[in-house]
Amino acid sequence: MDQLEVLLTQFLVPDNASRKQAEEQIRRLSKDPQLVPALLHHVRSSHYPEVRQLAAVLLRKKITGHWMQLSVEVRNSVKSTLLESITLENSPPVRRASADVVSVVAKHAVPAGEWPELLPFLHQCSQSAQEDHREVALILFSSLTETIGDLLRPHFATLQSVFINGLNDPHSNRVRVAALKAVGALVGYIQTEQEVLMFRELIPPILNVSRLCLANGDEDVAILAFEIFDELVESPAPLLGPTIPVIVQFALEVCSNKHLEANTRHQAIQILSWLAKYKPKTLVKHKLVAPILAVICPILAEPDSRTNEDDIACERAAAEVLDTMATSLPKKHVFPPVLHFAVSNFHNSDPNYRDAAVMSLGVISEGCYEVMKTRLEDVLSLVLESLKDKEQGVRGAASFALGQFAEHLQPEISEHYERVLPCIFAVLSDAVPDVQEKAFYALAAFCENLKEEILPYLGPLMEKLLEALQSPRRDIQETCMSAIGSAASAAEAAFVPYTERVLHLMQGFMTLTKDEDLPARARATELVGIIGMAVGQDVIGPVLPSFIEAAIEGFELDFSELREYTHGFFSHVAEIMEEGVVPYLPRLVHLALESCNLDDGTAFELADSDGDDNIGGAIGGFSSDEDEDTDNKRVRNFSVRTGVLDEKAAATQALGLFALHTKSAFMPFLEDTLKVMQKHSGYFHEDVRIQAVLAYQHLLTATKAAFPSDTISPEVKHVLDLIMEQYIKLMNEDDDKDTVSQVCTCVAEVLKTVSADSIQQFITPLCEATLCLLRQEAVCQQTGDTDSEGDEDDMEHDELLIDAVTDILPALGKCMGGAFEPLFRPFFEPLMKFAKASRPPNDRTMAVACVAEVAKEIGNSITPYVEITMPIALKELASPDATNRRNAAYCIGELCKNGGDVALPHYNTILVALHPLFGAGEDNGTRDNAAGAVARMITTKPHVLPLNQVLPVLISALPLKEDMEESEIVYGCLCSLILAGHSEIIPLVPQLVPVFAKAVESNDTPQDVKIGIGRAVMQLCAQYGDQMQSVLGSLPPGEATALSSVMKQ
């Protein structure tokens, strides 16, 4: 130990050989517990601050492993010497390094009651007249909170006083910063209501310190405050409470101050985003949404003024806030202010504001899609006019917005294709390449949801796209390929004339090997699969093998994005070729499994001691497995290689589709794939989890096909049990709504294909998980907004999630039949809450449709629910929304069909309420469902209804035009009346036979329904030969031939 200071000095010299020699000798010495007092001696006595600091850093790393081997006397000496070092040391880095050692020792000594003087000592230091003492006391409180926070909880009142004094320190910015850090360390330990109230008292001084530092140009301190607010927002404890309005006000002051650094403003903008995501009820309750939007929207108009490319531009950060607000907050609070901003600045003389006007509409379209559809004419006109703006930035923003509309405002936006497509075509020829690129994006997004509507435009469209593929810019080529893919999907067989030329061009792209060209190769690989799906196996089959081989070769280039798109291509290949892909299956599955098992690339960055920074990497390789202490380090950042994540999602999807389309041929790979899916169903990112959820269902389908059985084979039972366990677990534990929504959809589909016996052990936990979701109490439905009770009626739920949840109920009914009714009882009350008049139309119709579907599956067991549901459905018949009227009519029909005598008293009211739905101006689907309702009533109680009045109205609404699922009940009802010889139907035969003829000529009418019609007409011919010949003779030739054909069957 005598040479320790020499070794420490040698350790710090720049000569690597000397440093390595010193490191090795210190490593040998570190096995001796006497290293602890020796290092401590040099912490206090060395003349060189660098040596003192290094000795303290090494002591922190080594003291844990030796602490219990030291005598009580030595331990006491260590503790007292450390406190001396903190108070007497002149070098701040040494002082901080010594404080880190105190924190490590305290972790062992304080719980054992061996250092009672520590906290009084620190409290005394915090009140010292010396700035250094006050600062180091707060630094230590921060470290101790992180290492022994629970033991400090009884002292929170004292800590609060110390922190408030530190935050308000009138003389030292260093002390104020140390106090801020100490407050941040305290956040995770606040639990009780009293602790919450004490903590809230710290918010005003934090804001005061931040404002003071901003005024003095010390923006880093304000950033530190925002980092604390980040933690406060995400804390499960309601730490912010009534202080949220003042925090929002401060954030708005900062993010609107253009004189501040971009990073500082970005931190303030980020806080607003977190508040919108985690505290939506609080923002609504305190009426903070409009003030936030009033500041955020104008930031969209700011030019990019970053000096550091790593910084996020404020306008981009503002767009992210806008997106979060649109998806997290009630749309009635978000859309009107944004629309007002857009309209007000649409003709602004500043092009940046015109840019922001259309950009804002594009950004909110995902979250506000429902309300934007009601104003689609207005917002679309604004965006289309902006495509003609003289400024390229505005044209680019308008193209972006149009692409967003195409993605999120379906299907309504597609109805405007005649207006939209010519406008997009015009921008495709824009002189500015960046605008062109956004225009191709808009075109791709818009065409993706078109079908035959694209055909008149296909020729000029493909001419432009094929020309654009010759562009020297790879980004334009890539976006152009996406547009070609959308056009092919829409045109289908009409795309065949362009297939050969496009595939020839793609062959060239699929031979590229330079790194900068690989994204284009990825897009080309994807496009080949999309074209194959559009034109079919007969067209693409002969050339597909060469593309498959080229795609496989691409894996040798080690480019994640290329592998991702290639897995997507293989998914399409499986769907196109089905059994034809089996020869490739071993290679394709192997590649998919390799991608699934790749290293995630997830990484945690630990915040190390500030004191180590000054000695650089001198101790970078010096560690000890048994005593390296990382417990007091906080996770600073979580990073993911997004490319690998997307690759895993694509590979997971491919495995599921391989199974779906190759069935028994996939069985050799089943167990390996199930293992991957078990891992991926718990993956940290929802994109991968969702694909695993879907793949599970496909694996079950494949296993059923491979092991058919009248009951259920052991192989199928094995897979079924595994996926039901995983599905229920995800319903209970997953925090992502989209994932849980997909789980519910898959559960509903699985239930439709299995017997109740095969899932008996899962019925109870499945019902419990479903009920929790319906009550909106599941993990994925919690915002964490415990700072405000809020008004639940003012907050919106995720519509897609609840729709998926309610799909499970009729699926259980189909699986269990009438035995489901006792299990349905607990669901009925929470379901009916969605049907209240105060709820939006989509909620009400969802509840009504759910009861209808359950009634269909459980038959007369629905009787106990008729009296409550019938009045609600009757009221919905008068809804201004066609979907609501349609579902209400369907529900009433099912209640009448299955409700027996309980429904009978409502019949007259029903007929009166249904009558307007048979009008000529009514929506086709609604009229069809009204016809279905009447047919069910007739079928169930034919003698109760005034058929002579009802039948003419019913027949006048036929044939069915949209909802062909009603064919069986509607046409079956009329055929039954004919076959039973009901006198009321005979006078209507001349009107009815043409209806029957149109029905049998339609390809949409089921064959068994057509056969039933044929029998009924045959009976009419037998009874009324001459009259029927006259009626049949008046039919158009095509209809007459179709009817004659079914009459012979």
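This briefing walks through the fold, the core, some helix contacts and a few backbone details of the structure above.

The model is predicted, so local features need pLDDT of at least 70 and side-chain atom pairs count only at pLDDT 80 or more, while totals for chains, interfaces and linings use all residues. Residues are numbered from 1 along each chain as its sequence is written, and side-chain values use heavy atoms, with hydrogens and water left out. The chain holds 52 helices and two strands; these are DSSP runs numbered from the N terminus, with helices being H or I of at least four residues and strands E of at least two.

**Overall picture**

- The C-alpha trace of the chain spans about 125 × 70 × 65 Å along its principal axes.
- Of the 1049 residues of the chain, 56% count as buried; buried means under 20% relative accessible area, exposed means over 50%, and partly exposed lies in between (1.4 Å probe, protein chains only).
- Taking contacts in the chain between residues at least 6 apart in sequence, 74% join residues at least 24 apart; contact here means heavy atoms within 4.5 Å.

**The nonpolar core**

- The largest nonpolar core has 374 residues; such a core is a set of buried Ala, Val, Leu, Ile, Met, Phe, Trp, Tyr and Cys residues joined through side-chain atoms within 4.5 Å.
- Phe229, Leu914 and Leu1043 have the most contacts inside this core.
- Leucine 914 touches Leu877, Ala889, Ala930, Ala933, Val934 and Met937, if residues up to four places away in sequence are not counted.

**Helices H36 and H37**

- Two packed helices are described by the angle between their axes and the distance between the axes.
- Helix H36 (residues 686-706) packs with helix H37 (residues 714-733) at an angle of about 165°, and their axes are 9 Å apart. That makes H36 roughly antiparallel to H37.
- Axes are lines fitted to C-alpha atoms, for helices over the stretch in contact, and angles run from 0 to 180 degrees between N-to-C directions. Angles under 35 degrees count as roughly parallel, over 145 as roughly antiparallel, 65 to 115 as roughly perpendicular and the rest as oblique.
- From H36, Val693, Tyr696, Gln697, Leu699, Leu700, Thr703 and Lys704 take part in the contact, and they meet Glu715, Val716, Val719, Leu720, Leu722, Ile723, Gln726, Tyr727 and Leu730 of H37.
- The residues of this contact of H36 with H37 divide into 11 nonpolar, three polar and two charged; Ala, Val, Leu, Ile, Met, Phe, Trp, Tyr, Cys and Pro count as nonpolar, Asp, Glu, Lys and Arg as charged, and the others, Gly among them, as polar.

**Helices H50 and H52**

- Helix H50 (residues 1007-1023) and helix H52 (residues 1037-1047) pack at an angle of about 90°, with axes 8 Å apart. H50 and H52 are therefore roughly perpendicular to each other.
- In H50, Lys1010, Ile1013, Gly1014, Val1017, Met1018 and Cys1021 meet Leu1043, Val1046 and Met1047 in H52.
- By class, this contact of H50 with H52 has seven nonpolar, one polar and one charged residues.

**Buried residues in helices**

- Helix H22 (residues 376-386) has Leu376, Val379, Leu380, Leu382, Val383, Leu384 and Ser386 buried. These buried residues of H22 pack against helices H19 (331-345), H20 (351-364), H21 (369-374), H23 (392-408) and H24 (417-428).
- Arginine 52 is found in helix H4 (residues 49-66) and counts as buried at 11% relative accessibility. Leaving aside neighbours within four places in sequence, arginine 52 is in contact with His42, Val43, Ser46, His47, Glu89, Ser91 and Val94.
- Threonine 673, in helix H35 (residues 670-680), is buried with a relative accessible area of 0%. Apart from neighbours within four places in sequence, threonine 673 is in contact with Leu655, Phe666 and Leu699.

**Backbone details in loops**

- A cis peptide bond joins glutamine 410 and proline 411, with omega about 0°; proline 411 is found in the loop between H23 and H24.
- The peptide bond from leucine 958 to proline 959 is cis, with omega near 5°, and proline 959 lies in the loop between helix H47 (947-956) and helix H48 (967-980).
- Lysine 287 is not a glycine but has a positive phi of about 55°. This lysine 287 sits in the loop between helix H16 (280-285) and helix H17 (289-299) and is exposed, with a relative accessible area of 67%.
- Glutamine 776 has a positive phi near 60°. The loop between helix H39 (760-774) and helix H40 (799-816) holds glutamine 776, which is partly exposed with a relative accessible area of 28%.
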